[in-house]
Amino acid sequence: MGEDGRKIIATNRKARHEFEILDTWEAGLVLKGPEVKSLRDGKVSFTDAFARVERGEVWLYSLHISPYEQANRFNQDPLRPRKLLLNRSEIRRLVGKVEEQGLTLVPLDIYFTRGVAKITLALARGRKLHDKRDKLKRQTMEREAQRAMDRYS
């Protein structure tokens, strides 16, 4: 449990490497019962997950929530589109930024806050291969500099 009452279920580690994060929002997730149980067990995968604004609503695609074993026939399609709950003003802001600047919406993590499933949604710009290399090089240099300073202090 985090300091703010969050219990993080899963994190999209690839997102911060593949994308430059510009802004983030907290959104509720519309889920069925067995999906909530699977989330509590941590059976979720972010592979290629993204969100899209359609007809004034935000939908999350390609988020894989494994079927809950005990639910048998009540299980849903693991990759079904899931509606995200945001304020109308937040959705309007998202629409403007996504359409104008060619940005994308990427989920960063899923967590429970006071028993309610939430997702952190990021407005992101895709990184080019050379940007990824530059970032890794910079991180390596910073790490080595920090080690050198730690050795001599």
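Trainee: Which pattern of helices and strands does the protein follow when read along the sequence, and which residues line the largest pocket?

Mentor: The model is predicted, so local features need pLDDT of at least 70 and side-chain atom pairs count only at pLDDT 80 or more, whereas totals for chains, interfaces and linings use all residues. Residues are numbered from 1 along each chain as its sequence is written, and side-chain values use heavy atoms, with hydrogens and water left out.

Read along the sequence, the protein follows the pattern β-α-β-α-β-β-β-β-β-α-β-β-α. That gives four helices and nine strands (DSSP runs of H or I over at least four residues, or of E over at least two, numbered from the N terminus). The C-alpha trace spans about 60 × 40 × 30 Å along its principal axes. Of the 153 residues, 33% are buried (under 20% relative accessible area, with exposed over 50% and partly exposed in between, using a 1.4 Å probe on protein chains only). Among contacts (heavy atoms within 4.5 Å) between residues at least 6 apart in sequence, 67% join residues at least 24 apart.

The largest pocket holds about 190 Å³ of space. A pocket here is an open set of points on a 1 Å grid where a 1.4 Å probe fits, with protein on both sides within 12 Å along at least five of seven lines, and lining residues have an atom within 4 Å of a point. Its lining consists of Asn12, Lys14, Ala15, Glu18, Phe19, Phe46, Thr47, Asp48, Ala49, Phe50, Thr104 and Val106. By class, the lining has six nonpolar, three polar and three charged residues.

Asn12, one of the lining residues, sits in the loop between β1 (6-11) and α1. Asn12 counts as buried because its relative accessibility is 10%. The Asn12 side chain reaches the backbone oxygen of Pro107 at 2.8 Å. Leaving out residues up to four places away in sequence, Asn12 touches Phe46, Val106, Pro107 and Leu108; of these partners, Phe46 and Val106 also line the pocket.

These contacts lead on to the nonpolar cores (sets of buried Ala, Val, Leu, Ile, Met, Phe, Trp, Tyr and Cys residues joined through side-chain atoms within 4.5 Å). The largest has 27 residues, and Leu39, Leu84 and Ile110 have the most contacts inside it. Two or more of its residues come from each of β1, β2 (19-29), β5 (57-61), α3 (88-101), β8 and β9 (116-126), with the largest share, four residues, from β9. A second, separate core of five residues includes Val106, Leu108, Ala122 and Ala124. In soluble globular proteins, nonpolar side chains tend to be buried together.

Ile110, beyond four places in sequence, touches residues including Leu39, Phe46 and Ile119.

How values were computed. Grid points are joined across faces, edges and corners, and a volume is the space filled by probe spheres set on the points. Ala, Val, Leu, Ile, Met, Phe, Trp, Tyr, Cys and Pro count as nonpolar, Asp, Glu, Lys and Arg as charged, and the others, Gly among them, as polar. A polar contact is a pair of N or O atoms within 3.5 Å; within protein, one must be able to donate a hydrogen and the other to accept it, and residues adjacent in sequence count only if both atoms are side-chain atoms.
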